[in-house]
Amino acid sequence: MTIDWTSFTPWSAVVGGLIIGVAVSLFVLVNGRIAGISGIVGGLLRPRTGDVVWRFAFVAGLILAPLAYAIVTTLPSIDIAASDPTLILAGVLVGIGTRYGAGCTSGHGVCGLSRLSPRSIVATVTFMGAGFATVFVARHMIGA
Amino acid sequence: MYVLSSFFAGLVFGIGLLVSRMANPAKVLGFLDLAGAWDPSLAFVMVGAIAIGAVAFAVARRRTSTMLGSPMALPSSGTIDRRLVLGSLVFGIGWGLAGFCPGPALVALGAGASKAYVFVTAMLAGMLGFELLKRGGSHGSGHEEAHSRP
């Protein structure tokens, strides 16, 4: 294993992580909920009375974050190398998988591990393992 | 208040994803590429987030109501089943293909990255497909509900 020291950004990673931790904490203490983004978005696709507006508000906050960020400083680069067909396949898999497995990197990864949920530990190990394996196959076996 | 704090939590979450550079799929793929030039940044993001989150969830566990007085809506299911593992496996494959998971994809969308629209549209289609499949099945809804949150 070789570490890519030119890409590695430990300080911004930790600081950004702490900010995410603050968001998650605010949400559990004030709203009493897990800040699981796949669950919040997925709930909008089976709308129930009184259960819609807060979900839209959370998603609006996420989408408007770059706008708030850009007021202070220039946005970091977002490099999407995948082709459109790959993005479509990846999007469908992420959509189905997160709903079927009841969580993603935020719900299972950040919140679940924070509360030491056995379900979330299993989920996180599984999706990280699948992510490692997929990138290995794509980059080192197929070479795409 | 409930809606306002939801908005604020989403906003702060998104800013955290931008500061940590995790809204950039290239960074995420750099982490997932163990055999290449490895970028450990994502692990540091997780450590930072969990350091704060662990304290908040420890406090939340002792409370029966939120700071607004509404009841806590935390998941109680502890069942580790095939659904959990299979779903996470499928999610991980999709994550590894593009470097996007739901949060960063929505932030990238807000940043105006045109390809993020393609991913988010497909992701919503996948989620909708799940809902339709679930409605098609006639299994007990109580069981499904227990699984709808992490």
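Analyst: Let us start with B:Arg21, which is buried because 24 other C-beta atoms lie within 10 Å, where 20 or more are needed for that label. B:Arg21 sits in the loop between H1 and H2 of chain B, and it has a positive phi of about 70° although it is not a glycine. Please keep in mind throughout that this is a predicted model.

User: Which residue of chain A has a positive phi although it is a residue other than glycine, and where is its place?

Analyst: In A:Ala102 phi is near 60°, a positive value in a residue other than glycine. A:Ala102 has its place in the loop between helix H4 (84–100) and H5 of chain A, and it counts as buried because 28 C-beta neighbours fall inside 10 Å.

User: Is A:Arg119 buried or exposed?

Analyst: A:Arg119, found in helix H6 of chain A, is buried, because 23 other C-beta atoms lie within 10 Å.

User: What covers the buried residues of H2(B)?

Analyst: H2(B) is also mostly covered, since 7 of its 8 residues are buried, and these include B:Pro25, B:Lys27, B:Gly30 and B:Phe31. Their cover includes helix H6 (118–141) of chain A, together with H3 and H4 of chain B.

User: How should I read the packing of two helices, taking H5(B) and H6(B) as the case?

Analyst: Two packed helices are described by the angle between their axes and by the distance between those axes. Helix H5 (residues 102–110) of chain B and helix H6 (residues 114–136) of chain B pack at an angle of about 135°, with their axes 9 Å apart, and they are therefore oblique to each other. Their crossing is left-handed. In this contact B:Pro102, B:Ala105, B:Leu106, B:Ala108 and B:Leu109 in H5(B) meet B:Ala116, B:Tyr117, B:Phe119, B:Val120 and B:Met123 in H6(B), and the residues involved divide into 10 nonpolar, no polar and no charged.

User: How many residues of chain B are in contact with chain A, and which helix gives the most?

Analyst: In this model 110 residues of chain B are in contact with 113 residues of chain A. Several elements of chain B each supply at least two residues to the side that touches chain A, including helix H1 (2–19), helix H3 (41–61) and helix H4 (82–98). H1(B) gives the most, with 17 residues. The residues on this side of chain B divide into 75 nonpolar, 28 polar and 7 charged.

User: In which sense do the strands of the two chains pair?

Analyst: Strand E1 (residues 2–3) of chain A and E1(B) pair in the parallel sense over 2 bridges, and here A:Ile3 stands opposite B:Trp38 in E1(B).

User: To finish, what secondary structure does each chain come to?

Analyst: Chain A comes to 6 helices and 1 strand, following the pattern β-α-α-α-α-α-α along the sequence, whereas chain B comes to 7 helices and 1 strand in the pattern α-α-β-α-α-α-α-α. The C-alpha atoms of chain A fill a box of roughly 50 × 40 × 35 Å along the principal axes, and the C-alpha trace of chain B spans about 45 × 40 × 30 Å. Of the 144 residues of chain A, 55% count as buried, and buried residues make up 55% of the 150 residues in chain B.

Technical notes: Residues are numbered from 1 along each chain as its sequence is written. Chains are lettered from A and ligands numbered from 1 in the order in which they are written. This is a predicted model: local features need pLDDT of at least 70, side-chain atom pairs count only at pLDDT 80 or more; totals for chains, interfaces and linings use all residues. Axes are lines fitted to C-alpha atoms, for helices over the stretch in contact, and angles run from 0 to 180 degrees between N-to-C directions. Helices (H or I, at least four residues) and strands (E, at least two) are DSSP runs, numbered from the N terminus. Angles under 35 degrees count as roughly parallel, over 145 as roughly antiparallel, 65 to 115 as roughly perpendicular and the rest as oblique. A crossing is left-handed if the near helix is turned anticlockwise from the far one by less than a right angle, and right-handed if clockwise. Two residues are in contact if their C-beta atoms, placed from the backbone, lie within 7 Å. Ala, Val, Leu, Ile, Met, Phe, Trp, Tyr, Cys and Pro count as nonpolar, Asp, Glu, Lys and Arg as charged, and the others, Gly among them, as polar. Two strands pair if DSSP finds at least two bridges between them. A residue is buried if 20 or more other C-beta atoms lie within 10 Å of its own, exposed if 12 or fewer, and partly exposed in between; C-beta atoms are placed from the backbone.
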